Amino acid sequence: MYTLNAQIRELRKVSGLSQTTFAEKFEIPTSTLQDWEHNRRTPPIYVVGMIDKLLESERQAKQNTGNAILNKAKSAKDNDEFYTTYETVENEVAHYVSEFKGKTVLCNCDDPFESSFSKYFIKNFNTLGLKGLICTSYCASRVLGTDSSLVDMQGEPLSNDNGYVLVLSKVSETITPTSTDKEVHEFLQSQKSVRKLIGDGDFRSDECIEYLKLADIVVTNPPFSLFRELISLVTEYEKQFLVIGNQNAITYKEIFPLIQENKAWIGYQFGDMAFRVPDDSEPRETRFWIDATGQKWRSLGNAMWLTNMDMNRRHERLELTKFYDAEAYPRYDEYDAIEVSKVANIPQDYKGVMGVPITFLNKYNPEQFEIIGEANHGSDNSFDLFKPTINGKLKFKRILIRNKLPMGAMING
């Protein structure tokens, strides 16, 4: 009988996907998948059920079409529909309050009437001192109408056959952070502020880009498959942003250069996040539950906020307690840098290049460290400098850094 490690490895091989692609597809941190496949760690017991289910789907797909996992894969749309909680938005925005005063916020990748983003910014419009709020929806929303019975400016019920836009330049003083959702809906109804879009509401469309031009800050949770496209778009138009994504995106060729050049950085929440999912979402063996109201939920262990708005933590010095020792910090085969397996093990006195876990970026202070590049496949992009192997053994993907202010005056040999 296969071990858990062997089952995961076999599943990936049969799927025909690389470790990186497989990890992205099934929301598994790439480093964790590599650990499991190379027997460096044993998967948790709950993985057994997940593997059995996926392998059975694999076998059934082969019998039906001979096309293996691809014919049983969920659509990108289904995989991408994660609805952020109000608390997740509230807890993150709390760290950037001063950045919002006098600004127009655009939420362009979520349902603009029932999403936590729109509810939060409507309830806090006056508290934050916003100039305006724009929310657009993509047609075929699967949550439209589940919490409200709004109508558009013509009095027609909202339909998921259309994209819609909500534009506010003023919110009644009676709407506060403690207002109920019902009070918000009644306010929107009285304002007749909802209208149909000409197109489908895709944030990349010319119509939605015109709304992007009017905004100062983009705050949203885009489909993870379109994360890099959204970031590329908002940076092209030089907008501030606060966006939820998958940690795997850190090493994307469209994202990593922004981080290296201090044009983007990790927000406060980095790791586990819970999301509401549509009613027709299929149950999963792990990270899935249904609450007392019947709402379906999923959680991701590798979620993050990415932003270009300054925050206090970015300027907090990372306390280092370790000292360099050649035996404790081996060098890579193809590059003059040392391997640091844990952020807590970064030596305070080392002046050369170090390979550290991607979780380092959650502690990154650009005044203390310099990002040199990344070590992943050694070929993904010009910033991916080498494949991180030591004595021929592949290590996890690494962020390459140098300490700008090493303690002591040792000369690293």
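Contact means that heavy atoms lie within 4.5 Å. Among contacts in this protein between residues at least 6 apart in sequence, 70% join residues at least 24 apart. The structure is a predicted model, in which local features need pLDDT of at least 70 and side-chain atom pairs count only at pLDDT 80 or more, while totals for chains, interfaces and linings use all residues. Residues are numbered from 1 along each chain as its sequence is written, and side-chain values use heavy atoms, with hydrogens and water left out.

The protein contains 13 helices and 17 strands. These elements are DSSP runs numbered from the N terminus: helices are H or I runs of at least four residues, and strands are E runs of at least two. Of the 413 residues, 54% count as buried. Here buried means under 20% relative accessible area, exposed means over 50%, and partly exposed lies in between, with a 1.4 Å probe and protein chains only.

One may begin with a pair of helices. Two packed helices are described by the angle between their axes and the distance between the axes. Helix α8 (residues 116-123) packs against helix α10 (residues 181-191) at an angle of about 80°, and their axes are 11 Å apart. This makes α8 roughly perpendicular to α10. The axes are lines fitted to C-alpha atoms, for helices over the stretch in contact, and angles run from 0 to 180 degrees between N-to-C directions. Angles of 65 to 115 degrees count as roughly perpendicular, those under 35 as roughly parallel, those over 145 as roughly antiparallel and the rest as oblique. From α8, the residues Lys119, Ile122 and Lys123 meet Asp181, Val184, His185 and Leu188 of α10. The residues of this contact divide into 3 nonpolar, 1 polar and 3 charged. In this grouping Ala, Val, Leu, Ile, Met, Phe, Trp, Tyr, Cys and Pro count as nonpolar, Asp, Glu, Lys and Arg as charged, and the others, Gly among them, as polar.

Two buried loop residues come next. Asn108 is found in the loop between β2 (104-107) and α8, and with 6% relative accessibility Asn108 counts as buried. Not counting residues up to four places away in sequence, Asn108 touches Thr136, Phe203, Val218, Thr220 and Leu230. Leu230 stands 122 residues from Asn108 along the chain, yet their C-alpha atoms are separated by 9.6 Å. Leu130 lies in the loop between α9 (125-128) and β3 (132-136) and is likewise buried, at 9% relative accessibility. With residues up to four places away again left out, Leu130 touches Phe100, Gly102, Lys103, Val105, Phe121 and Phe125. The C-alpha atoms of Leu130 and Thr104, 26 residues apart along the chain, are separated by 6.1 Å.

Two strands are taken to pair if DSSP finds at least two bridges between them. Strand β17 (residues 398-403) pairs with β13 (residues 369-375) in the antiparallel sense over 6 bridges. Within this pairing, Glu374 stands opposite Ile399 in β17, and Glu370 stands opposite Arg402. Strand β12 (residues 353-356) also runs antiparallel to β17, joined by 4 bridges, and the bridge partner of Val353 in β17 is Arg402. Because 5 of the 6 residues of β17 are buried, this strand is largely enclosed by the rest of the structure.

Helix α13 (residues 256-260) includes Gln260, which counts as buried at 17% relative accessibility. The side chain of Gln260 reaches the backbone oxygen of Ile371 at 3.3 Å. Leaving aside neighbours within four places in sequence, Gln260 is in contact with Ile371, Ile372, Gly373 and Phe383.

Glu238, in the loop between α12 (227-236) and β7 (240-246), has a positive phi of about 55° although it is not a glycine. Asn391, in the loop between β15 (389-390) and β16 (393-394), has a phi near 55°, again a positive value in a residue other than glycine. Glu238 counts as exposed at 74% relative accessibility, and Asn391 is exposed with a relative accessible area of 75%.

Conventions
A polar contact is a pair of N or O atoms within 3.5 Å; within protein, one must be able to donate a hydrogen and the other to accept it, and residues adjacent in sequence count only if both atoms are side-chain atoms.
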